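Subject: Structure handover

Hi,

Here is the structure for you to look over. My notes come after it.

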Amino acid sequence: MIYSFLKYEHLKFLTSYQFIAPVFTYLLWIIGIYIYRDMPVLSSYGSTAIGLFIVMTWITIINFGRDTLNERHIFYMQLQSKTTYLLIKILYIFLFSTLLVIVSLIYPLLLNVFDKPVSLNFVLIGIVTHLLLSIFGIMLGAFITNTNIATKSYRWLLTIFIMLIIFTKEVLITTVPFTKWLLWLLPPISNLLNQLNSDNLSILNSHFLLICLFAVIYILIALKLLIALFKKA
Amino acid sequence: MAEIAVAMDQVTLKLNNKTIINNLSFQIPKGSITLLKGKNGVGKSLTLKLMTQLITPNAGNITVSGHTSYAPDSFPKNIKLTTKSFLTTIQNLNMKRKSDSHTVDDYLALLNLSSLQNTKLHHLSKGSLQKVNIIQSLLTDADILVFDEPFSGLDKTSEAQFLTRLQQLSKTKTIIITDHDANIEHTIATHILSLDDYTFMPQSKHQELKSITLSNQQYVSDVIEHDLASWVHAKVTSNHQYVTLQVDKQNVNVVLQHLLKHNCEIIEVKDL
């Protein structure tokens, strides 16, 4: 059942050609970043991960936005569950994102643009950060399109607003300290990216692992909340 | 007593603070073919969505015994898969199908759609899309089949073949349809659910009744309850202005005479 619906989603998404704009934008982003030589490894991976977060939000909104109400109703009934429908679609978008993760990691290696040899440690950190940021993007897109938090006409506006807050979180907290009590609700993207400032980071660094653990717990709680809101929507 | 497939008890549905369905109650027996009828905007499609649990009511209880399949009033036009590819996906989603059940090819042949099996869905006509819509709901192994205006856009041959198939299916399944065509009411429907006056009854009984609509004056309830109780089959107060009575055809004249004697203002008398 899962495979059939994944295959259907794949055929439908590919034949819609709507993936072209976000995918090419992301490829241009990667090409732009690696246009220079002797780049630091982890901060370059951080930059591509930010791009992946934005592009996966875009792809998720497009993917969910294509489904008409009647199509959703047909598949809710065929799958006998709204939750199954939502989860399989999220799984498909995640699998789609892994292709972009692979490109993000392999492209600079092929061009040999880094200032030092890429160790397994760097590759693992790259995989973890790209996957986490791509999931954050998918979750944000899924929240925007599958709950009642924004009408169709305000989806993009709200998305851009949330992204701006996510990326300026640290500045906001510094200038308006009390916002730290509200902004912890946002995904810990800046915490994760801050770790990539230096190439001395180890995948086994306890602080890095703690942030990754927090990110995973955050994703699980967000998924649970998404399912509850989706059922009510 | 017959087993119940779908039961609604005092169900109310509001959309944008407007009451669409108000205290609707009925019990659809298993193995029946129920036609939902009513004027535009009375909530036929929403009632179907309540039955399939695609939406939840604001008040009341809905009980559904078994797995339900659903064909909406129109099929999405933005799917660029071929007819066969889409329906095969649907068939594969239903892994627990019985070995004797119809396959995609059987249904494509039944509804004269075989020649379009390799045509992409967004290139199909409205009628052909409707056939795909019907087939996707028939490919499930559901106990209750729900169709929202399935005959819209179908040619006469396909309509006849589909009606025959529905009659065959009703031996083992419960079928619920909305349609404006009187043909269904007089051919295959075993029960009628009228959303104009919230009545649910066997089709044979439905044909024997007339409805009398009168102004809801202060003394009308007293007249009905004290003098006409034994003559009136059912009383429906659809709003504060009107009362509708359902009366056996043979008793209509007696009831009308009695209402006129009490100066009741009669608005309309018609077949149900």
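Below is what I found, taken by topic.

This is a predicted model, in which local features need pLDDT of at least 70, side-chain atom pairs count only at pLDDT 80 or more, and totals for chains, interfaces and linings use all residues. Residues are numbered from 1 along each chain as its sequence is written, while chains are lettered from A and ligands numbered from 1 in the order in which they are written.

Chain A against chain B. Chain B puts 22 residues into the contact and chain A puts in 20. Contact means C-beta atoms, placed from the backbone, within 7 Å. On the chain B side, β5 (68-71) and α2 (83-93) are the elements that give two or more residues. α2(B) gives the most, with 5 residues. Helices (H or I, at least four residues) and strands (E, at least two) are DSSP runs, numbered from the N terminus. The chain B side splits into 10 nonpolar, 11 polar and 1 charged. Nonpolar covers Ala, Val, Leu, Ile, Met, Phe, Trp, Tyr, Cys and Pro; charged covers Asp, Glu, Lys and Arg; the others, Gly among them, are polar.

α6 and α11 of chain A. Helix α6 (residues 120-146) of chain A packs on helix α11 (residues 206-232) of chain A at about 20 degrees, axes 11 Å apart. Axes are lines fitted to C-alpha atoms, for helices over the stretch in contact, and angles run from 0 to 180 degrees between N-to-C directions. α6(A) and α11(A) are therefore roughly parallel. The classes are: under 35 degrees roughly parallel, over 145 roughly antiparallel, 65 to 115 roughly perpendicular, the rest oblique. Their crossing is left-handed, that is, the near helix is turned anticlockwise from the far one by less than a right angle; clockwise is right-handed. The residues of this contact are 12 nonpolar, 1 polar and no charged.

α1 and α5 of chain A. Helix α1 (residues 2-16) of chain A meets helix α5 (residues 82-111) of chain A at about 60 degrees, axes 10 Å apart. That makes α1(A) oblique to α5(A). This crossing is right-handed. Among the contact residues are Glu9(A) of α1(A) and Lys89(A) of α5(A).

Annotated spans. An unreviewed UniProt entry annotates "transmembrane region" on chain A, including residues 12-36 and 86-110. Such annotations use the numbering used here, with shortened feature names, and may be inferred rather than shown by experiment. In the model, residues 12-36 of chain A are 76% helix and 0% strand. Residues 86-110 of chain A are 100% helix, with end C-alpha atoms 36 Å apart.

Best wishes

Notes:
Two residues are in contact if their C-beta atoms, placed from the backbone, lie within 7 Å.
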